[in-house]
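Please open the model in your viewer and keep the selection tool at hand, and then follow the stops below in order.

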Amino acid sequence: GVILAGGLHGASKDLPGARRWYLSAAEAGHVAAASNLGRLLQSGEGGEEDHVSAVYWYRKAANRGNKNAAYNLGLLLRDTPDES
């Protein structure tokens, strides 16, 4: 996901592809992937903006100790309080 999201190592930037890889990794329990997926869902990069799903993935990552996810979750809930 990181390679596609950033267009690294000669790969073309592919945010929809990055979403798919992050989702697959997040479903397998990869904490950083869950946080990165939350960011793409929140921002709408690579597809539709989906704050409900962003909250879900941020929460999963935050509950497993990811501080970036906890921070982003707090900001998202602060800015859109009915999206819990």
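Is alanine 32 buried, partly exposed or exposed? With a relative accessibility of 33%, alanine 32 counts as partly exposed (buried means under 20% relative accessible area, exposed over 50%, and partly exposed in between, with a 1.4 Å probe and protein chains only). This is a predicted model, in which local features need pLDDT of at least 70 and side-chain atom pairs count only at pLDDT 80 or more, while totals for chains, interfaces and linings use all residues. Residues are numbered from 1 along each chain as its sequence is written, and side-chain values use heavy atoms, with hydrogens and water left out.

Alanine 32 lies in helix α3, residues 31-43 (helices are DSSP runs of H or I with at least four residues, numbered from the N terminus). Select alanine 61 as well: its C-alpha atom is separated by 7.0 Å from that of alanine 32, although the two are 29 residues apart along the chain.

Next, select histidine 51, which is found in helix α4 and counts as buried because its relative accessibility is 17%. Its side chain makes a polar contact of 3.3 Å with the side chain of glutamate 49 (a pair of N or O atoms within 3.5 Å; within protein, one must be able to donate a hydrogen and the other to accept it, and residues adjacent in sequence count only if both atoms are side-chain atoms). The side chain of histidine 51 also reaches the backbone oxygen of glutamine 42 at 3.3 Å.

Finally, move to α2, where the buried residues include Tyr22 and Ala26, and then select glycine 29 just after this helix, which takes a positive phi of about 100°.

Notes: Helix = DSSP H or I, 4+ residues; strand = E, 2+ residues; numbered from the N terminus.
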